[in-house]
Structures are given as C-alpha cells and as structure tokens.
There are 2 protein chains.
Amino acid sequence: MKIGFIGLGVMGAPMARHLAGAGHEIATTLNRSPLPQGLTAKVLSSPTEVAEVSEVVILMLPDTPDVERVLTAEAGVLAGLKPGTLVIDMSTISPIATRRFAEAVAEKGGSYLDAPVSGGQVGAENASLTIMVGGAETDHDRALPLFQIMGKNITLVGATGAGQICKLANQIIVALNIEAVSEALVFASKAGCDPARVRQALMGGFAASRVLEVHGERMIKRTFAPGFRLKLHQKDLTLALDSAKALGVSLPNTATAQELMSACDRDQDHSSLVKALEALACHQLG
Amino acid sequence: MKIGFIGLGVMGAPMARHLAGAGHEIATTLNRSPLPQGLTAKVLSSPTEVAEVSEVVILMLPDTPDVERVLTAEAGVLAGLKPGTLVIDMSTISPIATRRFAEAVAEKGGSYLDAPVSGGQVGAENASLTIMVGGAETDHDRALPLFQIMGKNITLVGATGAGQICKLANQIIVALNIEAVSEALVFASKAGCDPARVRQALMGGFAASRVLEVHGERMIKRTFAPGFRLKLHQKDLTLALDSAKALGVSLPNTATAQELMSACDRDQDHSSLVKALEALACHQLG
C-alpha cells in the first residue's frame, strides 16, 4: 500500500520502519531532521505532495498545533487529499480538535481515524504498541492490517475522538498511580521504613500495579533518565483537564498531579514526580 | 502452642479457626457475640485471664481505641501478661500508638509485633493474607509458623510500627488507584465513550493494576455491595494523614480522596468512591 508517514521522531521512525519492512511504500516530508537510518522512503517537499501520492496518510506528531499545521497549512495534507484517502492521526492530541480535523478531512472526501498509542519508544521499536482507535468501523477494519504491523493490543473504542479520550484516560491513571506510589513510599520512608521492603510487601496484594513495579523501582533506585518525559505527561494531563472542563467534569486528583509536575525537572522520567512529594516532606527516598 | 485470640469478627474468626485447625489451643474472651461457628476455643471472662494462660496473644480489633482498651483496661491483657509472652497486634491501627503499646508490653517483660494484614475476608478464609510485620527479627521468627497458617506473603518490614506504616502505605495506594480509575472512567464516559471498552483497552499497558481489574469492573457493573467498606478505608486514610502530619509529610491526593469519601454511602464497597466523581460530573457510568 502507498502510505504517507509524517512525523519520523523517536516514535514515528520505528513505526514507519515496520511498515516499510512489511512491504509498504512509504512517502514522507522532512522538517529539520534527515531521514532516519534504516528507513527506505520517498522524500517529498510538502505534506500536500505526500497526500497526493498516498492511499493512507499517517501522522505521528508532538501536539495539537503540529497536527493542525500539517493538515491545514497552505502546503498541508488537506490541499492534496484525494477522495477516499484515509488519514490516521496516531499523535496524542486534543479530542475536541480531533473532531474538527475529522470534519475537515470528510469535506475533502477522505476519512479519518484517531489512533493514539501507548507503550513508548520500546513499544514502537518492538511493534508492541497499544493502539486506541476512534472512528468508523469500516475505516478501522481498513487500517487494522497496518495497526497489526505496529502494535499488539488494538481496540476500536468508539466514534471519532474516542481514541484520544481513551489515551487521556490512560494518562490520567498512569499519572495518578505514580502519585499514589510516590505518596505511599515517601510516607513510609519518612516514617523510618525501607521503601524497597514496603514495595516488595505490597506487590502481591490490591496495591499491585505496573506503576508500583516499574516506576516504584525507579523511585527507589533513583533512575530518572527518561523513559517518558514528565513534560509530555504534563501536556497530556493539560489536554485531559481542558477536555474535562469543556465536558463539565471535575478531576481533582488529576489537577493536583498536573500542578505538582510544575515543581519537577520536566526533562526527567515521569517517575520523578516523587521528587515533588519529597520536597514537600523535606526528605529523600534514596 | 497456647494462643490467646481476642477479636473474633469477620477477619478474626477464620484466622483463629485456621490456628485451631493446625492443632493450637485457642483461648478467647467474648464481648457481645457468641463463639463463631466451627471454632473450638476456651472462653474466659476477661483479656487478663486470656493473657494468663497464653504464650502468644493475638489481637484482631477494629481500631486504635479498641486495642488500647483490650491492652490497658483494668481487666486488660497487660494485667495478666507473663514475662516472655508475645503480643501480636494484627489490627490496622495508628503506628504512633503502636509504639506506645509495644513499650507497655516490654515493661511487663513481654514482646510485641505489629502485623496488620491485607486481603480481606476472602484472604482470611483462604489463609492467603498478606502480613506486614514490624518488630524484632527474633519475635518475627517465633511468630512465623503462626503467620504461615493464616497467610502467604509475609514480610518483616522493619522495627515496631513498620507493619502499620506498610499497611497504611498499602491503603494509600489502593485508595488513590481507585480514585485514578474513577476519574479516568467518569471522564471517558462523560466524553461519550463506553467505559467497559476503555477499561479493556487499558488493561494491557502501564495503566494496568489490580484496582483497574477488580474495582474498575465493579464501577462499570455497579456492584457496590462490600467487599471492603468505604468507612473502614476512610478510617485507614485518616490514620495515614494523622501520622503524616506528625511526621511533617504532605499527602495532597490522599487528603482529597479521604475528603471525597465523606460524600459517599460509606457502608458500600470502596469502589463506590466513583460516585463522588460522578456527582461532581452530574453523570453516571452505568
């Protein structure tokens, strides 16, 4: 299949490589960086040209304004979109903006899926991403063979925007579970307990989580190199809180976790949220 | 071994039954209720008399004031304690009061372990409790054969009080994970997504937890019969926050979760915390 792939960063590059490796023809356009190593792709001069030669256009970009620009700028995707083309946005962006983008694509005769992922760089490289899809079932079925090349746990969550909503729900839970483990371990540590023993004792019961396992260990061993950068997680919580505000939903603990992130070094792994709690307690785990 | 067991409620009764079933001689004293069915035990008229005939005295009581009364009242355990007797408090109570109780027992020539449990009624009945122990290693080693009759995952966390601290850390994580799943599912549901599909999509990734599995399902299916009563969880968070205050540790999300519990029917399962978030959103999951 002729696939346009725009956004060849730490996530996009390995995803595109898997698609090319499975025999698909990749077209792309480059912003500042050169073509990633090991990827065979036709390099064109604009998103419009990419759209003109593609049956499916995949976007994997940092944030909502990037997707907006790539789609709607003068030399953007929409200007070159042929009827019947499927646009798949795999970035994590605003669910509200997502609905606007889907409408703009539909006006050009194309169709649109939002399909953000979780699993990070490791998941992208191992083709084991979780993919959360919003859109029409026929479009999902058309994209499924491509998703299966890049990921493992693929769910059609609902209509347009549902993929983004589901991804934000994921980011809420991960952030609040990190906050939970942080509060518990700082409390135990300040009370004179060895946090490693506490974590071990809690692993078998109802407190068990992937976050207690992975991020809890990072907090105890003080390994805060990313991983997933705190600033990206804060961006996602801001998206969630903006959407929640629009929907009339109050998310008190999400709001507090997002706020505490402002007191952290946001280029470190998101498990370093524990440092904000340590600062409040004037006491380190390590 | 001659074991005094005081507190034969929903947790204590099956625990004492397992000890009796393993051949230990149980002595007890009854408050209001009769001797639980299927338990063979010598019934004495006061905690003092129980202490007089026991090598080990186990307490399994609702809260700090209950333990204080059973230990220190006129006909309490301390009045009958022989030198060398081991007192094991398996209740979930204040870690600060625990240190006082351990000192009072030591003054009588006895020794003391705090050994609160998690796993609930089901864990007590299946002898699969997680047991978190604080105290001296020699006392832990002496109690270990008894713990192994009642539980599975047994950890000596640290000195006196460390068992209670660890249990409170457990309760912090479980409460905040319930809050996390509540905020995420109410957000997704209010945004028009099916919360069951969202939960399913998130089960394989970093949002995975026992709480997403068990309590998330309860929220979606609206099965709020306890389980673990919200009022007991709120009691435990209050203990954690009181201890944190004494230690100079700030636990912002624990404080909010505890506060939201006041707006719930506290005789329901703790997963019904989701209803406080639904009330804030004027919207139900079901």
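In the predicted model, 60 residues of chain A are in contact with 60 residues of chain B. The two chains bury about 5200 Å² between them, and 70% of that area is on carbon and sulfur atoms. Several elements of chain A each supply at least two residues of the side that touches chain B, including strands β8 (129–134) and β9 (151–158) and helices α8 (162–190) and α11 (230–247). The largest share comes from α8(A), with 20 residues. By kind, the residues on this side of chain A divide into 39 nonpolar, 15 polar and 6 charged. Between chain A and chain B there are 9 residue pairs in polar contact, both residues being at pLDDT 80 or more. The count of salt bridges between chain A and chain B is 0.

**Helix α3**

In chain B, helix α3 covers residues 64–72, and its buried residues are B:Thr64, B:Asp66, B:Val67, B:Val70 and B:Leu71. These residues lie on the same side of α3(B), because they cover an arc of only 160 degrees around the axis. As a general rule, an α-helix has 3.6 residues a turn, so residues three or four places apart point the same way.

In chain A, helix α3 (residues 64–72) contains A:Asp66. A:Asp66 has a relative accessible area of 18% and is therefore buried, the cut-off being under 20%. A polar atom of the A:Asp66 side chain lies 2.9 Å from the backbone nitrogen of A:Asp63.

**Salt bridges**

Side chains of opposite charge can pair when their charged atoms come close. Over all chains, the structure holds 18 salt bridges. Three of them are listed here.

| Salt bridge | N to O distance |
|---|---|
| A:Glu25 and A:Lys2 | 3.5 Å |
| A:Glu278 and A:Arg222 | 2.9 Å |
| B:Glu278 and B:Arg222 | 2.9 Å |

A:Glu25 in strand β2 (residues 25–29) and A:Lys2 in strand β1 (residues 2–6) are 23 residues apart, so the pair links distant parts of chain A. A:Glu25 is partly exposed at 48% relative accessibility, and A:Lys2 is partly exposed at 39%.

A:Glu278 is buried, with a relative accessible area of 4%, while A:Arg222 is partly exposed at 24%.

Notes. Residues are numbered from 1 along each chain as its sequence is written. Chains are lettered from A and ligands numbered from 1 in the order in which they are written. Side-chain values use heavy atoms; hydrogens and water are left out. Contact means heavy atoms within 4.5 Å. Buried area is the accessible area (1.4 Å probe) that two parts lose on being put together, summed over both. A salt bridge is a side-chain nitrogen of Lys or Arg within 4 Å of a carboxyl oxygen of Asp or Glu. A polar contact is a pair of N or O atoms within 3.5 Å; within protein, one must be able to donate a hydrogen and the other to accept it, and residues adjacent in sequence count only if both atoms are side-chain atoms. Helices (H or I, at least four residues) and strands (E, at least two) are DSSP runs, numbered from the N terminus. Ala, Val, Leu, Ile, Met, Phe, Trp, Tyr, Cys and Pro count as nonpolar, Asp, Glu, Lys and Arg as charged, and the others, Gly among them, as polar. Buried means under 20% relative accessible area, exposed over 50%, partly exposed in between (1.4 Å probe, protein chains only). The arc is that of the directions from the helix axis to the C-beta atoms.
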